[in-house]
Amino acid sequence: MMDPSGINNFEDQWRKALNEASEPPPPSVWQGIEARLEEDSERGLVLPLWWQSRKLWYAAASIAALLIVGAGVWFSGSDVNDQKINTIAANERGLRLKNDKQTSDAEKSSAVSPQKEERLAEGKVLENVGLVPKNTDEVATKGQTNPFKNSKEGVSIFEGGKNSFNKIDNDPDNLPSSVIRGEATRLQQIESMEQTITATLLASRPYSELDVHVQKRYVFFKPEVESENPTKLTGHKEYWAGLGLMPASFNPDLKVKEAPIGFANQTVSDKKSVSGSSEAGASYAVQTQGGMRISKHWSVELGVSYLKGNSDYQGGGYLLNANNSKSANVLENALAGLAPSSSPIATDKNYNFANTGSIYVDVSKKVSNNYQFLQLPVQAGFTINPDKKLSYSVLGGMMANFFLSNDLESASGEIITTTASDEIYRSMNWAATTGLRFNYKLSAKWKASLTGSYQKAISSGFKSNQSLDTHPYLYGVSWGVRYSF
Amino acid sequence: MTFNEQELVRGCKQRNRIAQKQLYDVFGGKLFAICLRYTKNRADAEDVLQDAFIKIYENIDSFRADSPLEYWLRSVVVNTALNHLRQQKHLKELDDIDIHHNGIADKEFTLGNFQMQQLLELIRELPPGCQTIFNLYAIEGYQHNEIAEKLGISEGTSKSQYSRARMLLQQKLNKEKRFDDGSVRNKQF
């Protein structure tokens, strides 16, 4: 029966259930958005919107106001200077100056014209800002001792030191010669002072930043953004630690390139001794690793592993000493040739067979040749479907193999152990490594992995490669788990 | 539109990062749920959400206050998701299929026993074409002729794909009910 109300309608039910659905996105999404926005803003996409910023308008208005006020001060300042120069010049051209009595402070105040006030003010300003040279006081002092009054033009000289004015009469007859000389000197000083002031003002124009473009002000907006929301480009960063066990097939690929000294004496043994070959044996590696995911797909990982590499060597025959019944197979004899003379291997397995008293026995006996390495791999990985339940990683990198020891079974059944201190094997040998890994997500933190690996040494494992050569390689399948932080 | 939304929009138009983050904080959850509905996994949903927000910030000037902000945001997200599906070629071959709606779903149909995450998971398990058309028709409320135009398919294909989606969902719901015996299962996805 259809629901007449429509409440139980199929679409309505779904819409009702999911229309308001909400699921918080992971933080990496915003970090990615922010990084892309930063890239866009660095490309200048925001610049055309400068006119939308109220702050910029305030800044522009402030600069404009400063310019207007500054320009007013500047032009008014230059007017006063010009007036001073004109006044002094006129006095020099023949205005009649005469002595007059010094007026009282009250009279001085009443005699000050608007122009004088301006000059008074300017004198103070100049003194305050330190633009007035020191001789201004001298000028003022001299003027004070010879008080003048320019009654016709109404021009007075500001006595800067004491805020008082001396009036000057235009009658030169009444002026003593000392006063005229003093006035001439003073004119020169004032002229030089005017030049200094003008030059100083020009040089120190506070508005030399007039050419600051409005768009430059945009810069102050940017740090605000950066400080509040520091950009993080580490959206996919993730660390993990892992543990694994790798059954492997290890082959040292050991070759006797030329007959060792004990075998070289006889034609048969000389030929037969280089015919042996290595066979891979069942080996294993215990692996620990730490990794870092640097982007959605890419990761790097480091590790420390212990490798027990077992193998067999077959062929080459062995020597039997006729005198003391000691024997040495081709590998022992070759190793003895590489070992320093002080080494017990050298004394036992080399010199005893270097004479003609030894017999070559051409028996193809399989001897075990087992290695131990400490491995430090550094690998990069590219992961497909990184966030799915099952993901796949392609790995590639380098591996430092630190030689720990080698056990070689002698013809008589005894084990000869060679260590790094015997200086036969390289203490560290580089290998290239590659692999394919399947990751299965067990939970948000745990993953199980299955890794197929191939490793191949890129240089010989022997320090001296005159007669022996080894380029170990390995195939392995590693089973592991890893924990993400 | 509330006062806060107006402020947010104004801030976003000025490319103010704080406003952009606030917009993301307010609407990110709902929009992410939409992305989850249209995609097959969280990684794809995250990519779609990221692309959608970049579009939102870049095109916020075209938003007019006469329509609800959330409606506009949802339409941007849906269009971004459809573009994503096109790129993934999930919408490449949508064929007309012969499925007739049997009307079972209208009989006292209720989703009351299911959690939102369960329902999302059911939708995501649909074949891609069915999933998209179901979302557009049942949740977003588009008509079949609009869906046909949007996806470049025939109206008949839209209808038949929707019928298939509806049938599959009904089967899944019945199965879930049978297994869960009416209890609510907290399914992680």
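Guide: Take B:R15, which sits in the loop between α1 (3-13) and α2 (17-38) of chain B.

Visitor: OK, what's the phi of B:R15 like, positive or negative?
Guide: Positive, about 60°, even though B:R15 is not a glycine. Most residues other than glycine have a negative phi. Keep in mind that this is a predicted model.

Visitor: And is B:R15 buried or exposed?
Guide: B:R15 counts as buried, because there are 21 C-beta neighbours inside 10 Å and the cut-off for buried is 20 or more.

Visitor: Which residue in chain A has a positive phi although it is not a glycine?
Guide: A:D253 is one, with a phi of about 50°. You'll find A:D253 in the loop between β3 and β4 (254-256) of chain A.

Visitor: How much of chain B is buried?
Guide: 39% of its 189 residues count as buried. As for contacts in chain B with a separation of 6 or more, 71% come from residues 24 or more positions apart.

Visitor: Pick a helix there. Which residues of α7 in chain B are buried?
Guide: In α7, residues 144-151 of chain B, the buried ones are B:H144, B:I147 and B:L151. They span an arc of only 60° around the axis, so they are on the same side of α7(B).

Visitor: What comes just after α7(B)?
Guide: B:G152, with a positive phi of about 70°.

Visitor: What's the average pLDDT for chain B?
Guide: It averages 81, and 81% of the residues score at least 70. Residues 182-189 of chain B are below 50, and that stretch has 13 contacts in the model beyond near neighbours in sequence.

Visitor: And what are the ipTM and pTM of the model?
Guide: ipTM is 0.83 and pTM is 0.40.

Visitor: Switching to chain A. Which residues are buried in helix α1?
Guide: For α1 of chain A, residues 10-18, they are A:F10, A:Q13, A:W14 and A:L18. Looking down the axis of α1(A), the buried residues fall within an arc of 105°, so they line one face of the helix.

Visitor: Where does UniProt put a transmembrane region in chain A?
Guide: The unreviewed UniProt entry annotates residues 56-75 of chain A as "transmembrane region". In the model, that span is 100% helix and 0% strand, with its end C-alpha atoms 28 Å apart.

Visitor: Now the strands. Which way do β3 and β17 of chain A run, parallel or antiparallel?
Guide: Antiparallel, with 10 bridges joining β3 (residues 238-251) to β17 (residues 473-484).

Visitor: How many bridges join β3(A) to β5(A)?
Guide: 13 bridges, and the two strands run antiparallel. In that pairing, A:F250 stands opposite A:G281 in β5(A).

Visitor: What does A:S283 touch, leaving out residues up to four places away in sequence?
Guide: A:S283 touches A:A248, A:S249 and A:F250, plus A:L307, A:K308, A:G309 and A:N310.

Visitor: How far apart are A:S283 and A:A248?
Guide: In sequence they are 35 residues apart, while in space they are 5.0 Å apart, C-alpha to C-alpha.

Methods
Residues are numbered from 1 along each chain as its sequence is written. Chains are lettered from A and ligands numbered from 1 in the order in which they are written. This is a predicted model: local features need pLDDT of at least 70, side-chain atom pairs count only at pLDDT 80 or more; totals for chains, interfaces and linings use all residues. A residue is buried if 20 or more other C-beta atoms lie within 10 Å of its own, exposed if 12 or fewer, and partly exposed in between; C-beta atoms are placed from the backbone. Helices (H or I, at least four residues) and strands (E, at least two) are DSSP runs, numbered from the N terminus. The arc is that of the directions from the helix axis to the C-beta atoms. UniProt positions are given in the numbering used here, feature names are shortened, and annotations may be inferred rather than shown by experiment. Two strands pair if DSSP finds at least two bridges between them. pLDDT is the predictor's confidence in each residue, from 0 to 100. Two residues are in contact if their C-beta atoms, placed from the backbone, lie within 7 Å.
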